[in-house]
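Please keep the sequence and the model in view while reading.

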Amino acid sequence: MSENVYSPKLTLSDLYQDNVVYTSRPSYISNPWLKPDEHQSNFLTGRELLIANQFPVIVHEASVTDKLEKLFEEVGKRIPPSIYKFSDQQTYESLIKKLAHEERKKIYFQYIHDEDVLEKSYYALNKDVFVALNNKARIPEWTNGKYLPQREIIPIEQFDEAIEHWNYPFVIKPGDDLPTAGGYGVMICYNNQDLAKAKKRIKDATEATEQLIIEQKIEAVQNYCVQFAYSEDIGIQYLGTARQLTNEYGFYNGNENVEDVPQHVIDAGREIMSIGVSLGFFGVAGFDLLLDEHNDVYAIDLNFRQNGSTSMLLLADELTNGYHKFYSYFSDGNNDHFFNTILRYVKKGVLYPLSYYDGDWYGVNKVNSRFGCIWHGKDKAYIQQMEEAFLNDLKVK
């Protein structure tokens, strides 16, 4: 039997000391492998509010308006009081500096920031450890050399020559310290056309990237995100596993809950977490582990940071027992209609709100609103039916 997905439950307050503040926003300074839209980055800051408890979180003002308050009221929740707000790059970076330099806080970053934003001595989690653990080229070190697809790490200037020896399908990834997210830095190639697109992206990233990873494309039967948390007080705790929903090119399309996770998959994740902890990691981590037709486990990405589906796992007891799906939606320009449709489905008891980025904070319909949520219901077929109806209702003005 695998461990119970629904226990133990904890909140972020259980993992961090009182002097730590959390930011899930990527830096305003982008890199060629992570070019998030500014509004998407601001939207991300509201994702963990319901699992934060008393843990202070830095949040964009548009992510904590009366719209979110109304959605939370419907599920008996409130916006936590321990939040720090910002409105743009200047107020964000000033806030981080003020918290560190004047209030002697440590910052727990979801994504590293440049030294001119904050010196690494103010990181709650050692910055060098954090960077090393999230470097895709170093995955063999964090897996004890196990769970690895066939792979090759090469200097970027040798890529054209090296790729000649590979047969389709294969995967290309950056092999440096630069963060990626949501599959954006992953290039899956099935044919010459895909490779031509990848070569263009690689050329654009040449100045910022020293090495690349070429990796065998695993034909996965299951694609899991296995999650753990660690603090000195609680030790390593298994939070549960979510099934990753991706398209054929690896782009992230949300997560769904899964209960019958093979024990050897969980054990592989625990082994990786133990190595991270031995190097000084603490907090939440989620590992992308594939299972192939031979029941072999492959570690394709190690996220020593919170994941999109972390909230879904921690809030499982708040949700209807059955099927859960984490996903996000964007308004198509009519923000009022978008919000009212969401509110209707939250009231139906099938849509659980996590975050709402209120585009009207900038002025009516100037910026598209965004919504992060969990679908929950008796089974997958019912939720698919509900989601289809929801998407149709969004179209009908």
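Two strands count as paired if DSSP finds at least two bridges between them. Helices (H or I, at least four residues) and strands (E, at least two) are DSSP runs, numbered from the N terminus. The model is predicted: local features need pLDDT of at least 70, side-chain atom pairs count only at pLDDT 80 or more, and totals for chains, interfaces and linings use all residues. Residues are numbered from 1 along each chain as its sequence is written, and side-chain values use heavy atoms, with hydrogens and water left out.

Strands of a sheet pair through backbone hydrogen bonds, either parallel or antiparallel.

A242 has N257 in strand 11 as its bridge partner.

Strand 12 (residues 283-292) is largely enclosed by the rest of the structure, because ten of its ten residues are buried. Buried means under 20% relative accessible area, exposed means over 50%, and partly exposed lies in between (1.4 Å probe, protein chains only). Strand 12 pairs with strand 9 in the antiparallel sense over ten bridges, and V284 in strand 12 is the bridge partner of A229. Six bridges join strand 12 to strand 13, again antiparallel; there L291 has V297 in strand 13 as its partner. Strands 12 and 13 form a hairpin with four residues between them, and N295 in the turn has a positive phi of about 75°.

A220 touches L290 and L291, not counting residues up to four places away in sequence, where contact means heavy atoms within 4.5 Å. The C-alpha atoms of A220 and K9 are separated by 29 Å, and the two residues are 211 residues apart along the chain.

Another open sheet has four strands in the order 5-8-6-7, with antiparallel pairing. Strand 5 (151-155) and strand 7 (187-189) are the edge strands, each pairing on one side only. Here the twist averages 20° from one strand to the next. Helix 8 (residues 192-204) packs on this sheet, touching strand 6 (170-174), strand 7 and strand 8, and its direction makes about 150° with that of strand 7. Strand 5 and strand 8 (residues 211-216) run antiparallel and are joined by five bridges, with I153 standing opposite I213 in strand 8.

Notes: Axes fitted to C-alpha atoms, helices over the stretch in contact; angles between N-to-C directions.
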